Amino acid sequence: MLRRALWLGLRRGLLGRELGTRRGGSTLGKVEGSGGYHGSGMPPMSSHVTFRTWDPWPRSEDSGSLEEGISYLPELVQSGQVYGSRGCPSQYSQASTVLSVGGIRQQFSLPENIQLSLFSAEFLRNINEYLAVVDDPPLDLQFNPSGYLFLASEKGAATMENNVKVQRQEGAKVCLMSPEQLRKKFPWINTEGVALASYGLENEGWFDPWCLLQGLRRKVQSMGVLFCQGEVTRFVSSSTHMETISGEEVTLKRIHEVQVKMDCSQEYQPVECAIVVNAAGAWSGQIAELAGVGKGLPGTLQGTKLPVEPRKRYVYLWHCPQGPGLEAPLVADLSGVYFRREGLGNNYLGGCSPAEEEEPDPGNLEVDHDFFQEKVWPPLAWRVPAFETLKVQRAWAGYYDYNTFDQNGVVGPHPLIVNMYFATGFSGHGLQQAPAVGRAVAEMVLEGHFQTINLSPFLFTRFYLGEKALEHCIL
Ligand SMILES: Cc1cc2nc3c(=O)[nH]c(=O)nc-3n(C[C@H](O)[C@H](O)[C@H](O)COP(=O)(O)OP(=O)(O)OC[C@H]3O[C@@H](n4cnc5c(N)ncnc54)[C@H](O)[C@@H]3O)c2cc1C
């Protein structure tokens with residue numbers, strides 16, 4: 001019965017938030033703006049909540065870095081992409097956004113993922129209309145619309161055909177190619193073992209993630225959002241015990257204050273809040289736990305964790321004078337290896353996700369160079385023989401915000417912590433979905449339901465209900 005109530009209630013975006021509002025006697029404040037990457041949703045928002053204990057400039061001898069970071073806001077407390085601050089070693093240097101490879105595609109199998117990326121593509125194409133700031137120069141996103149090329153074996157061909165059918169139904173421009181067509185268009189590809197390929201004709205390619213981040217940051221700052229940098233260490237909340245119509249007991253919580261340890265300072269800043277958006281990427285599982293998510297009996301909603309954890313992924317950059325030319329798309333081989341051009345000088349970058357049983361230790365961001373030699377280079381040079389002579393120039397590692405349940409985003413409210421929302425768990429496709437997910441979270445916060453894209457399959461409750469949002473096209 002609780003399951004059914006959740007399903008119905010949450011589909012309408014109601015349970016928890018309305019219950020909490022009635023019981024707690026307080027109302028949800030409107031959001032003033034957004035501080036992190038995924039919280040930067042349109043349309044512009046206005047504030048109805050006043051600052052109280054919030055002091056944007058804590059008095060300390062050592063507060064010089066405050067203007068440099070993003071992290072939380074008085075009305076909307078938000079963990080999200082931030083970056084190194086002046087003179088301070090920063091916890092944020094490991095953020096995924098700036099370590100990603102900047103790809104956007106509509107070649108997914110789930111309609112929701114296709115729709116998210118279609119909106120984001122439109123957003124990116126018109127970025128200077130969305131993010132223009134008076135007197136500031138226009139953004140140069142360096143969007144490279146070269147498309148994605150997915151390759152499939154005999155075994156994967158039928159799935160690819162189905163995926164492309166869905167993609168086209170949703171409005172994406174994707175074509176199927178036979179091995180012969182592939183050889184003609186991209187003669188540098190060895191088509192052995194390839195039965196079918198799908199190629200994005202529009203709205204796919206890659207862009208500069210740093211530029212998008214800067215653009216969002218600049219825009220929200222111009223709208224009055226305050227940025228500062230620190231680590232969320234504690235949530236202060238109140239609880240209400242409720243009984244469902246089926247007689248199950250649940251505890252509803254409302255967060256009133258977030259404790260933030262300021263960077264480069266001994267200060268802890270208490271921040272009163274109406275809304276908390278957990279957009280802490282690979283660390284959002286930890287943040288959720290800090291707020292009490294998953295602290296209950298196994299098998300209950302109270303005991304359901306946010307299944308998001310850091311998974312280390314390597315990116316290698318190589319030079320190859322004989323490599324594919326400017327027409328090269330981002331190629332996703334059937335082996336799982338991918339690559340794309342980087343700039344115009346015969347440089348390329350790529351990698352592949354390790355097998356589940358070979359996941360590297362996420363405790364640090366050291367690069368495993370043997371992984372390239374053993375797992376990446378052999379299939380790469382098989383598919384593109386010119387890559388036999390490549391020379392690796394550098395490499396880095398970053399964390400996927402990996403959703404171990406179904407490798408898809410978690411978007412929307414927590415059913416029991418009535419003012420915590422999620423924008424996380426994107427497992428390697430979160431950058432491209434950021435503009436659309438920002439909008440979806442804003443809709444949920446302001447209207448209580450998704451308005452433009454129905455992201456119900458991505459709600460937190462699916463972890464409790466055991467309903468996976470299965471996506472076939474994960475890289
Ligand atoms: C190698 C690699 C390649 C990728 N390629 C692509 C791609 O081609 N296309 C694509 O769409 N996506 C890609 N991704 C995924 C994408 O980068 C992420 O999904 C996206 O950047 C997540 O953004 P975010 O703002 O949620 O997280 P992040 O950018 O990681 O930001 C989270 C922030 O939360 C902060 N934080 C954590 N804990 C706390 C705390 N306690 N208090 C305060 N702040 C905290 C962190 O310091 C961090 O700054 C890739 C990822 C990697 C690692």
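Biologist: How many bridges join strand β11 (residues 308-319) to β14, and in which sense do the two strands run?

Modeller: Four bridges join β11 to β14, and the strands run antiparallel. Please bear in mind that this is a predicted model. Within this pairing, Leu317 has Leu349 of β14 as its bridge partner.

Biologist: Which other strand pairs with β14, and over how many bridges?

Modeller: Strand β13 (residues 338-341) pairs with β14 in the antiparallel sense, over four bridges. Here Arg341 is the bridge partner of Tyr348 in β14. The hairpin of β13 and β14 has five residues between the strands, and Gly343 in this hairpin takes a positive phi near 75 degrees.

Biologist: Which residues touch the most other members of the largest nonpolar core?

Modeller: The general idea is that nonpolar side chains tend to be buried together in soluble globular proteins. In this structure the largest nonpolar core holds 108 residues, and those touching the most other members are Leu149, Ala332, Val411, Tyr421, Ala440 and Val441. Helix α10 (residues 430-447) contributes the most to this core, namely nine residues. Domain 1 (2-96 + 211-307 + 405-465) and domain 2 (309-403) each supply at least three residues to this core.

Biologist: What does Tyr421 touch beyond four places away in sequence?

Modeller: Its partners are Ile275, Val277, Asn278, Gly412, Pro413, Val441, Met444 and Val445.

Biologist: Let us turn to a loop. Why does Ser96 count as buried?

Modeller: A residue is called buried if 20 or more other C-beta atoms lie within 10 Å of its own. Ser96 has 21 such neighbours inside 10 Å, and therefore counts as buried. Ser96 sits in the loop between β1 (76-79) and β2 (103-104). Leaving aside neighbours within four places in sequence, Ser96 contacts Gly281, Ala282, Gly398, Tyr399, Tyr400 and Asp401. Ser96 and Gly428 are 332 residues apart in sequence, yet their C-alpha atoms are 9.2 Å apart in space.

Biologist: Is Gly102 buried or exposed?

Modeller: Gly102 counts as buried because it has 24 C-beta neighbours inside 10 Å. Gly102 also lies in the loop between β1 and β2. Apart from neighbours within four places in sequence, Gly102 is in contact with Trp206, Phe207, Asp208, Pro209 and Leu431.

Methods:
Residues are numbered from 1 along each chain as its sequence is written. This is a predicted model: local features need pLDDT of at least 70, side-chain atom pairs count only at pLDDT 80 or more; totals for chains, interfaces and linings use all residues. A nonpolar core is a set of buried Ala, Val, Leu, Ile, Met, Phe, Trp, Tyr and Cys residues joined through C-beta atoms within 7 Å. A residue is buried if 20 or more other C-beta atoms lie within 10 Å of its own, exposed if 12 or fewer, and partly exposed in between; C-beta atoms are placed from the backbone. Domain bounds come from an automatic or database domain assignment. Two residues are in contact if their C-beta atoms, placed from the backbone, lie within 7 Å. Two strands pair if DSSP finds at least two bridges between them.
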